[in-house]
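Open the model in your viewer and keep the selection tool at hand. Each stop below tells you what to pick and what is there.

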Amino acid sequence: MRGTRKENAYLTVWLALCLTLILSLFLVLIDGARRNGGRLETECVTDIGLQSILAEYHRELVKQYNIFAIDASYGTAVCSKGNTEDHLKAYLEKNLSVEDIFLSQFLYRDFFGLELRKAELPEVLLLTDEKGAVFRERAVCALGNDVGLGLLKDIQEWMQVIEVNGLDNGDTEKEKHDLDAEVESYNGTYIEEQKDVWVPFHVDNPTAALEEKRRLGILKLVTEGEEQLSQRALASEQLIMKRMQQGTFNQGNMKLAEQSGLEEMAERFLFQEYLLKYMGRYGCEQEEDVLKYQVEYLVSGKNSDIENLRSVAGRLCAVREAANALYLLSNNEKRMEAQLIAEVASALLWMPELAPVLEAVILLGWAFAESVYDVKSLLNGGRIPLLKNDESWHYSLSSALWGELQEETREGSGMSYADYLRIFMMLTDLDTLTARAMNMVEADIRHTPGNAVFRLDGCIVQAEADIQIDSAYGYYYSIKRHAGYD
C-alpha cells in the first residue's frame, strides 16, 4: 500500500494575501499622488496665470507715470473685466494642456487629466475707486523713498503762517480798490479856498501809475509776454473727471484698508510730491504732455495753459500782496515814509482827514509793487520767503510809486515756485486734486499711439480670482487667490 502525500498550500495563500494588500497600498498611493498632485498643479497653474495677467500691465502708463495696472480694454473700445477673465482662462488652459509636449500622444499620458471649469474675477480694484484713493495710493508707492518727510514739516509750518495771517483770503486787492474809490469820491466836491470862494476839489491818487500796471494783467507784468507762453488746451469733456461727475464710470468692488489721520496726511504729502515729480509746470515743462503747465492745472482746473498760469500767478500775487502789506504795517520806518507823504499831500489839499486813507493807499500800492517783483522772481527760478524782512525787501517807496516794475530779479532765498505750488495743492480739496490729476494722466496716455480710448476706470490694480478645475479621474478643485501690484 502506497503512502499518501499531503501538500501544504500556506505559502501560496500568504503570498496572495500579501499581494492583495501591497496592490491595494499601491493603488491608494497612486490615487493620493494623483489627487494631491492635481491640487499642486492647480495651485501652480493658478499662480502662473495670475502672474501672467499682471505681466500685461499698461506699458505707457508705467513709462510716463510709473504706475502698474492692467488695462482691461487691451487697446480696444470695450473696457470690461471680462476681457481680463478671458486672458486668465487662456493662460490657465494653456498651462493645463499637454498638447505641446513632444510626442505626447505616444510617450506621455496625462496623469492628472485636469480641465478648467471656471475662471472668474469676482472682485477687482480699479485705479479710480474710492474717489481716486486707489490712484493716490499707487502714486505714493511709485514715488518710493525719493522724498524725505522733513519737507512735510516745512509745509505744515508754511500752512500755519498762511492760515494765521489770512494770506490766502485774497482781500488785499479788494481793500485797495475800496480805498481808491474813497479817495476818488472826494473829487468833484467843492472846498472853500478863501472866504466865500469855493473851488472844485481834486486829488491825484499817489498809486495811479501802479493801478495802470495792475489793469494790464499779472502775466504781462511777470513774463516776457503771453505770446511766449504755451497755447495748449485740454479737451476735458471725455475724461475721467467728467465721467465721475456724470456717474458713467466703471467701479470695482474691493475696499482699501482704512488709514489713520497721520497716515492720510503723510500720503497726501507724498502724493503731491509725486505730482510735482511726474507732471510738468512753468519752468519745468514736459514737451510730450497734453498741457505744459500741468501742476497749474491741478491747482486751477482751467482747460488751457494760459488760463491756468494766469490763475496761479494771480493767486501768487494775492498771497504775496497780503504778506507784503503785513510786513509794511509792522515796519515803523517804512510806515513813517508812507505817513509823511500822505500828510504832506493832505495838507496841501487842506484836508488833513484824508491822510489816513492816503497812507493806506500808499502802503497797499507799495505792497502790490513788491508782489509783482516777487511773482516775477519766482517764475524766473528765484526764491521768496513767505514773510519778508528788511534784507529780503526789494522796492523803495519812490521806485514803487513810479510804477516801472521792470527791474531784473535776483535768485534770493526762501521758498521756490514749487514750494508755493505745494501750498496751493495743500489748500485744494483732495478729491478735486486727485480727479484733476487722473484727468491729466488719462489725457497724456490717450495722446500716445494706440491709446486713443484709454480709460483709467478700466485699469485693474488688484483682483480676487475664483478658479475651479475638474479632473478626468473624478476629482474637483476650487481655489481662490488674491493678486495685485505691491
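**Stop 1**

Bear in mind that the model is predicted. Ile22 sits in helix α1, residues 10-54.

**Stop 2: the cavity**

A search of the whole structure turns up one cavity of 30 Å³ or more. The largest cavity holds about 50 Å³ of space. Select its lining, including Leu50, Ile70, Thr84, Leu121, Gln462 and Ala483. Strand β5 (459-471) gives the most to this lining, with four residues. The lining has nine nonpolar, two polar and no charged residues.

**Stop 3: salt bridges**

The whole structure has 28 salt bridges. Pick Lys118 and Asp466: their closest N and O atoms are 3.4 Å apart. Lys118 lies in strand β2 and Asp466 in strand β5, so this pair ties together parts 348 residues apart in sequence. Lys118 is partly exposed at 24% relative accessibility, while Asp466 is buried at 10%.

Next, go to Asp178 and Lys174, a salt bridge at 3.2 Å between the closest N and O atoms. They are four residues apart in helix α7, about one helical turn.

Last, select Asp457 and Arg243, which meet in a salt bridge at 2.8 Å, N to O. Asp457 is in the loop between α18 and β5, and Arg243 is in helix α10, 214 residues apart. Buried or exposed, these two? Both Asp457 and Arg243 are buried.

Notes. Residues numbered from 1 in each chain as written. Predicted model: local features only at pLDDT ≥ 70, side-chain atom pairs only at ≥ 80, totals over all residues. Heavy atoms only, no water. Helix = DSSP H or I, 4+ residues; strand = E, 2+ residues; numbered from the N terminus. 1 Å grid on protein atoms, 1.4 Å probe; cavity = no way out; pocket = protein on both sides within 12 Å on 5 of 7 lines; lining within 4 Å. Points joined across faces, edges and corners; volume = space filled by probe spheres on them. Nonpolar A, V, L, I, M, F, W, Y, C, P; charged D, E, K, R; others polar. Salt bridge = Lys/Arg side-chain N within 4 Å of Asp/Glu carboxyl O. Buried < 20%, exposed > 50% of the residue type's maximum accessible area, 1.4 Å probe, protein only.
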